[in-house]
Amino acid sequence: MIKGITFRHKGDFSKTERFFHALLKKEYLNVLERYGKAGVSALASATPKDSGVTAASWDYVISHNRMQSSITFVNSNIQNGVNIAIILQYGHGTRNGGYVAGRDYINPAVRPVFDKIAERAWNEVKNL
């Protein structure tokens, strides 16, 4: 004879239900929008400025599917097929055979934004 399984609980599942309803409504995308804007602001502030075009050319794209969401930061300042933000970051050769060293400005600019995203996500998980 197979014995039954008993399940007992106290309280309710209101926090869990609220979490799943928020996921269904995709309310988390509003949070990603806020961090996207913060990242663009940080990148624009940190970008080396000659003309200011590269600094003003930052934007973000939010992508999501059933399994994940992501923020991608993009820079649209492209000269002669070269993304200027990338050569500022990593360096580039010159026409006369010289080399201009890159400057790591992207990683320090977005690190605090990523840290805030991770902290916010952890707090959401802890408060379930």
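**Close-up 1. N75 in strand β2.** N75 belongs to strand β2, residues 69-75. Strands here are DSSP runs of E with at least two residues, helices are runs of H or I with at least four residues, and both are numbered from the N terminus. This is a predicted model: local features need pLDDT of at least 70, side-chain atom pairs count only at pLDDT 80 or more, and totals for chains, interfaces and linings use all residues. Residues are numbered from 1 along each chain as its sequence is written, and side-chain values use heavy atoms, with hydrogens and water left out. N75 is buried because its relative accessible area is 8%. Buried means under 20%, exposed over 50%, and partly exposed in between (1.4 Å probe, protein chains only).

Close-up 2. The N75 side chain reaches the backbone oxygen of T54 at 2.8 Å. The backbone nitrogen of N77 is reached by the N75 side chain at 2.9 Å. Such polar contacts are pairs of N or O atoms within 3.5 Å; within protein, one must be able to donate a hydrogen and the other to accept it, and residues adjacent in sequence count only if both atoms are side-chain atoms. Not counting residues up to four places away in sequence, N75 touches T54, S57, W58, N83 and A85. Contact means heavy atoms within 4.5 Å.

Close-up 3. Strand β1 (residues 58-64) runs antiparallel to β2, and seven bridges join them. Two strands pair if DSSP finds at least two bridges between them. I62 stands opposite I71 of β2.

**Close-up 4. The largest nonpolar core.** This core has 15 residues, and L43, W58, I71 and F73 have the most contacts inside it. Elements that give two or more residues are α2 (28-46), β1, β2 and α5. Helix α2 gives the most, with five residues. A nonpolar core is a set of buried Ala, Val, Leu, Ile, Met, Phe, Trp, Tyr and Cys residues joined through side-chain atoms within 4.5 Å. Not counting residues up to four places away in sequence, I71 touches L32, Y35, G36, Y60, V61, I62 and I117.

**Close-up 5. D104 in a loop.** D104 sits in the loop between β6 (99-101) and α5 (106-126). D104 is partly exposed because its relative accessible area is 44%. Its side chain makes polar contacts with the side chains of Q89 (2.7 Å) and N107 (3.1 Å). D104 and Q89 are 15 residues apart along the chain, with their C-alpha atoms separated by 5.2 Å.
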